[in-house]
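Work through the exercises below with the sequence and the structure open. Each task is followed by a worked solution.

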Amino acid sequence: MADRKKNINGFAHLIDLPVITDPRGDLTFIESNEHIPFAIKRVYYLYNVPVDAERGGHAHRELEQIVFALSGSFRLKVDNGINKSEYWLRDPRKGLYINRMISREMDSFSQGAVCMVLASEHYDEDDYVREYDDFILSVNKGEK
Ligand code: TYD
């Protein structure tokens with residue numbers, strides 16, 4: 001139950017990153033455990049995404065992630081099994097932190113959008129909760 005409370009309170013939130021503005025172009029940087037609340041173990045990015053594509057549609061038992069629109073924009077819907085909210089990501093200085101056991105869906109990608117994800121763990125298919133019914137069952141049981 002403590003974990004569940006943590007998830008509800010720490011559902012998902014935007015993190016503002018530093019930016020060094022310069023006439024030659026802006027620069028943003030991210031350091032593990034400084035600007036974000038975990039050590040980065042993996043980075044992946046989505047690109048060449050068709051505008052009508054839907055990505056995500058799952059939760060993770062242990063994984064924490066931060067999602068950025070490095071270029072273009074897209075919608076990110078998050079759901080902790082009790083509350084839902086949605087964000088439009090379009091600013092490369094703002095990342096959406098997503099806690100463990102949060103279901104997420106991404107759609108409405110703009111042409112040429114690039115989505116970068118910072119992850120707290122290496123890839124592990126066993127960490128995925130891909131069926132929404134299983135996600136709700138786990139939430140109701142107070143499981144991770
Ligand atoms: P998935 O996480 O389902 O994509 P999304 O949530 O963005 O729609 O991953 C799609 C496929 O890519 C799936 O077969 C697993 C594989 N994959 C990796 O091998 N390594 C990774 O780091 C990620 C994120 C996915």
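**Exercise 1. Contacts of a loop asparagine**

The backbone nitrogen of N83 lies 2.6 Å from a polar atom of the N80 side chain. The model is predicted, so local features need pLDDT of at least 70 and side-chain atom pairs count only at pLDDT 80 or more, while totals for chains, interfaces and linings use all residues. Residues are numbered from 1 along each chain as its sequence is written, and side-chain values use heavy atoms, with hydrogens and water left out.

Task: state where N80 is placed, whether N80 is buried or exposed, and which other backbone nitrogen its side chain reaches.

Solution. 
- Step 1. N80 sits in the loop between β7 (74-79) and β8 (84-89). Strands here are DSSP runs of E with at least two residues, and helices are runs of H or I with at least four, numbered from the N terminus.
- Step 2. N80 counts as buried because its relative accessibility is 0%. Buried means under 20% relative accessible area, exposed over 50%, and partly exposed in between (1.4 Å probe, protein chains only).
- Step 3. The N80 side chain also reaches the backbone nitrogen of I82, at 2.9 Å. A polar contact is a pair of N or O atoms within 3.5 Å; within protein, one must be able to donate a hydrogen and the other to accept it, and residues adjacent in sequence count only if both atoms are side-chain atoms.

**Exercise 2. Strand order**

Task: give the order of the strands in the open sheet of 5 strands, then name the edge strands and the partners of β5 residues.

Solution. 
- Step 1. The order is β8-β7-β10-β5-β12, with antiparallel pairing. The edge strands, β8 and β12, each pair on one side only. Two strands pair if DSSP finds at least two bridges between them.
- Step 2. β5 (residues 55-60) pairs with β10 (residues 103-107) over 3 bridges, in the antiparallel sense. In β10, M106 is the bridge partner of R55.
- Step 3. β5 and β12 (residues 128-129) run antiparallel and are joined by 2 bridges. In β12, Y128 stands opposite H60, and V129 stands opposite A59.

**Exercise 3. Salt bridges**

Solution. 
- Step 1. The structure holds 11 salt bridges. A salt bridge is a side-chain nitrogen of Lys or Arg within 4 Å of a carboxyl oxygen of Asp or Glu.
- Step 2. R75 pairs with E86, with 3.5 Å between the closest N and O atoms. This pair links distant parts of the chain, R75 in β7 and E86 in β8, 11 residues apart. R75 counts as buried at 18% relative accessibility, whereas E86 is partly exposed at 42%.
- Step 3. K77 and E105 meet in a salt bridge at 3.6 Å, N to O. K77 lies in β7 and E105 in β10, so the pair ties together parts 28 residues apart in sequence. K77 is partly exposed, with a relative accessible area of 28%, and E105 is partly exposed at 38%.

**Exercise 4. A loop isoleucine**

Task: locate I40 and list the residues that I40 touches, not counting those up to four places away in sequence.

Solution. 
- Step 1. I40 is in the loop between β3 (27-28) and β4 (42-46), and I40 is partly exposed at 28% relative accessibility.
- Step 2. With that exclusion, I40 touches I30, S32, L118 and A119. Contact means heavy atoms within 4.5 Å.
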